[in-house]
Amino acid sequence: MWSPSTSEPSTVLSLLQPLDPVQQRHSARIKRERRWQRQRLALGLACLSLLSGALWLDAGGMVWPILLLPLGSAAVFFYASFALRRSNSEWEWRTSVLAIFIPPLFTTAWAWMMREQLPASSLVLPFVLQPMLLLLAGLPLLRYVAATLLNLLLITAIIASASFTFLPAVSAVLVVVLATVLGINTAQHLLQNQQRMLVMRQRVAENAEKMAERNQKMRKLAFEDPLTGLANRLHLINQLRQTLKNPLSEAANSVVFLIDLDFFKTVNDQYGHAAGDALLIEIAQRFKALVRRGDLVCRLGGDEFVILVRGLNKPAEIITVADKILAKLSEPVWYQQQQLPLGGSIGIAPWLPDLRSPASWLKSADEAMYQAKVAGRNRYVIADFATQARSDT
Ligand SMILES: Nc1nc2c(ncn2[C@@H]2O[C@H](COP(=O)(O)OP(=O)(O)OP(=O)(O)O)[C@@H](O)[C@H]2O)c(=O)[nH]1
């Protein structure tokens, strides 16, 4: 009959927000990591281009020495940047060892092939740029220094024994083997990362679904009476507040009917609490069947109900609704083959221009209901306009 509107008090809404600081921190960290990875990739590619360009100028037309160094460096860079992302210490150790030993091998092969026309600038390039790539890929500083020193030693050795022909052949074979291993490893990593991403996306979707369900449940708890399923006091106050804010024409034809069951305590005392509950549920069903779309049936608590009816322009219409409510209360209620006593007193409070708050509106309905009790119960009393205005001050 009712649904939680967008007009809940902000305090309640803030309770219902899916706030999960751990999740927020996690996604911020992932974003930061991705940004950093993109930057490293861009810098790495820039260094590679620089290296390739410089080698092209230096190599004097020889194609495969030109390709060997940048391609090898690229393989190391990509491999190291993927593998070092893993926190697994075994992986980090393996990656670091490969990252330290492979660049010197590339450099060695390259330096030997270029030994005839090796200018000083060519030595500086692999010496500086290649380890720099590793640093960008995430290699710790100490290992970067180790890689650099190894490079330096090997280049010096190559220059010193430029006539030693066995070294480039061994280097070339090793480079091919290692590049293959690296390629396979990188592909494995890419695949694993992709699978991890898929699993993570699935988990995020599941969490979002659970969160929506939890929100829905919390909304129900916050705005629904658990016994009857009717709107509760909080929701009614919300609606009354909205009504008071509405344009004059909409607010002016809204009327509060406050119904308090007569001698309900005796139902509990004579037939038991379960019988009392059954009667409350039955009354809730009857009231729900009575109202139109846009009206609101609510259980204030205990044996008190409120029906907020819209579109009642004339006193005669108010009386018609009150009679209908009394008629519903006069229908017999059966519980385990026993008829339960039932009746109710109704206080009616139509909207007034002086009304300032939901509380004062309910108060005048409550006063009128009390008058109906005093006058003999099972009847209605319409709040006296003067009293109603006074109660609002
Ligand atoms: N079964 C049941 N009883 C409830 C529930 N909530 C409140 N009550 C009982 O409802 C009764 C309300 O009694 P009152 O409204 O004070 O008194 P009454 O007997 O209706 O008398 P009048 O209102 O003066 O006609 C109390 O005995 C409460 O214990 C509920 O959820 N289930």
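Author: The answers below treat the chain as a whole and then some of its residues and helices.

Author: This is a predicted model, in which local features need pLDDT of at least 70 and side-chain atom pairs count only at pLDDT 80 or more, while totals for chains, interfaces and linings use all residues. Residues are numbered from 1 along each chain as its sequence is written, and side-chain values use heavy atoms, with hydrogens and water left out.

Reader: How many helices and strands does the protein chain have?

Author: The protein chain has 14 helices and 7 strands. Helices (H or I, at least four residues) and strands (E, at least two) are DSSP runs, numbered from the N terminus.

Reader: And what percentage of the residues counts as buried?

Author: Of the 393 residues, 40% count as buried. Buried means under 20% relative accessible area, exposed over 50%, and partly exposed in between (1.4 Å probe, protein chains only).

Reader: Let us turn to Thr 228. Where is Thr 228?

Author: Thr 228 lies in the loop between helix H7 (166-223) and helix H8 (233-245).

Reader: Is Thr 228 buried or exposed, and why?

Author: Thr 228 counts as buried because its relative accessible area is 7%.

Reader: What does the side chain of Thr 228 make a polar contact with?

Author: The side chain of Asp 225 is its partner, at 2.5 Å. The side chain of Thr 228 also reaches the backbone nitrogen of Leu 230, at 3.2 Å. A polar contact is a pair of N or O atoms within 3.5 Å; within protein, one must be able to donate a hydrogen and the other to accept it, and residues adjacent in sequence count only if both atoms are side-chain atoms.

Reader: Which residues is Thr 228 in contact with, leaving aside neighbours within four places in sequence?

Author: They are Leu 280, Ile 281, Ala 284 and Arg 299, where contact means heavy atoms within 4.5 Å.

Reader: Now Ser 345, please. Where is Ser 345?

Author: Ser 345 belongs to strand E6 (residues 344-350). Ser 345 counts as buried because its relative accessibility is 0%. Its side chain and that of Asp 262 are joined by a polar contact of 2.8 Å. A polar atom of the Ser 345 side chain also lies 3.4 Å from the backbone nitrogen of Asn 378.

Reader: A change of topic: at what angle do H8 and helix H13 pack?

Author: H8 and helix H13 (residues 358-374) pack at about 105°, with their axes 9 Å apart. Axes are lines fitted to C-alpha atoms, for helices over the stretch in contact, and angles run from 0 to 180 degrees between N-to-C directions. H8 and H13 are therefore roughly perpendicular, a term for angles of 65 to 115 degrees.

Reader: Which residues of H8 and H13 meet?

Author: Leu 236, Ile 237, Leu 240, Arg 241, Thr 243 and Leu 244 in H8 meet Pro 358, Trp 361 and Leu 362 in H13.

Reader: Finally, what is the phi of Phe 263?

Author: Phe 263 has a positive phi of about 50°, although it is not a glycine. Most residues other than glycine have a negative phi. Phe 263 sits in the loop between strand E1 (255-261) and helix H10 (264-271), and with 54% relative accessibility Phe 263 counts as exposed.

Reader: And what of Arg 377?

Author: Arg 377 has a positive phi too, near 70°. Arg 377 is in the loop between H13 and strand E7 (380-382), and is partly exposed, with a relative accessible area of 29%.

Terms used: Parallel < 35°, antiparallel > 145°, perpendicular 65-115°, else oblique.
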